[in-house]
Amino acid sequence: MTTLKIGMISFAHGHAFSYLEALRALPHVEVRGIADEVASRVAAVTARYGVPYYERYADLLAADIDAVVICAENARHAEITIAAAKAGKHVMCEKPLGLSVSEMETMIAACRENGVQLMTAFPCRYLAAVVAAKKAVDAGEIGDIVAIKGTNRGSLPSGWFVDPSLSGGGALLDHTVHVMDLMNWFTGSKVKEVFAHADTLFHEGLEVDDAGMIHVKFASGVVGVLDTSWSRNPAFPTWGDVTMTIVGTKGTITVDSFAQKNELYSIDSGKGVWSFWGDNMDAHMVQAFVQALLDGTEVPITGEDGLRSTAVALAGYRSVASGQPVVL
């Protein structure tokens, strides 16, 4: 395979726009179509780039494409992924991979049975600070990991993100999966116990939680804690953060993923503005997906990776409901 023909299904998640730009920048990729039942969401990009539009994703899956990128609402990930697998298309799916362990297992099985690959969209693995920290940990620079403290604190999303029938949950789900994937990746171990708190503290009237703390114990003995929230108010200079403090037997590494920024304080804007100038994590992730398919090698972030991090978030909600730790 010298050229990869890709379709995109749904621009419900805003990451789709960045993924599209990343795909268009790659020389061995052709974007063959965009499917979205809400035509207005994609009208600007299909017109600007001359990409064929499909109202029904089934029609795109019937077209001459090799793979799809899915950025639909969380509740639709399983349905679309399974349909793509049955159509013989490789899949990169936005996080969280699914809304239950059983449906994620079905997604993974469908892709395996139909000989296609399933990649979970976790671009944080490609942040420069994260990459450097992983190399240092793997090289033994801080000894064995003892504990990890992480944060993923963002601003309040809108639309389907705060509709539990489409999102499956609030900040505890939305903002656990990214950093939990990093914790899984760094430790190389599985979470065996989860204890969590979640509530709606920052925004009145929400049907989902906007704040959470999730505590985990790994089979290796490592302990972790993660602050997940939509706590950044409109005056904050940026949408949020991704941080980790990794404590080892010989030292500690602190990761501030978006520290590569310019700071602007302007009377005209009325608040401080932080403009990130570091490497484009979305572009690196998309390139890794494409290269794996072109080379015929395994995608670097699998469906199993997506399942492991999402299962922790889902267990967090069970812990919140019971007030007790949940064993995985």
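Which residues lie nearest the centre of the largest pocket? In this predicted model, they are Trp239, Gly240, Asp241, Phe258 and Met281. The lining comprises 35 residues in total. A pocket here is an open set of points on a 1 Å grid over the protein atoms alone, with protein on both sides within 12 Å along at least five of seven lines; lining residues have an atom within 4 Å of a point. The space in the largest pocket is about 710 Å³, taken as that filled by probe spheres set on the points; the probe is 1.4 Å.

Four elements each supply at least two residues of this lining: strands S7 (145–155), S10 (223–232) and S14 (272–276), and helix H10 (281–295). Helices (H or I, at least four residues) and strands (E, at least two) are DSSP runs, numbered from the N terminus. By class, the lining has 14 nonpolar, 13 polar and eight charged residues. Ala, Val, Leu, Ile, Met, Phe, Trp, Tyr, Cys and Pro count as nonpolar; Asp, Glu, Lys and Arg count as charged; the others, Gly among them, count as polar.

Residues are numbered from 1 along each chain as its sequence is written. Local features need pLDDT of at least 70, side-chain atom pairs count only at pLDDT 80 or more, totals for chains, interfaces and linings use all residues, and side-chain values use heavy atoms, with hydrogens and water left out.

Helix H10 also packs against helix H1 (residues 15–24). Their axes come within 9 Å and cross at roughly 60°. Axes are lines fitted to C-alpha atoms, for helices over the stretch in contact, and angles run from 0 to 180 degrees between N-to-C directions. H1 and H10 are therefore oblique to each other. Angles under 35 degrees count as roughly parallel, over 145 as roughly antiparallel, 65 to 115 as roughly perpendicular and the rest as oblique. Ser18, Tyr19, Ala22 and Leu23 of H1 contact Asp282, Ala283, Met285, Val286 and Val290 of H10, where contact means heavy atoms within 4.5 Å. Seven of these residues are nonpolar, one is polar and one is charged.

Helix H4 (residues 77–86) and helix H5 (residues 101–113) form another pair. Their axes come within 8 Å and cross at roughly 15°. H4 is therefore roughly parallel to H5. This crossing is left-handed. His77, Ala78, Thr81, Ile82 and Ala85 in H4 meet Glu103, Thr106, Met107, Ala110 and Cys111 in H5. The contact has six nonpolar, three polar and one charged residues.

Helix H9 (residues 177–187) crosses helix H11 (residues 303–322) at roughly 120°, with axes that come within 9 Å. That angle makes H9 oblique to H11. The crossing of H9 and H11 is right-handed. From H9, Val177, Met180, Asp181 and Asn184 meet Asp305, Arg308, Ser309, Thr310, Val312 and Ala313 of H11. Four nonpolar, three polar and three charged residues make up this contact.

Two loops carry backbone exceptions. Most residues other than glycine have a negative phi, and most peptide bonds are trans. Ser10 has a positive phi, near 75°. Ser10 sits in the loop between strand S1 (4–9) and H1. Lys95 and Pro96 are joined by a cis peptide bond, with omega about -15°. Pro96 belongs to the loop between strand S5 (90–93) and H5.

Technical notes. A crossing is left-handed if the near helix is turned anticlockwise from the far one by less than a right angle, and right-handed if clockwise.
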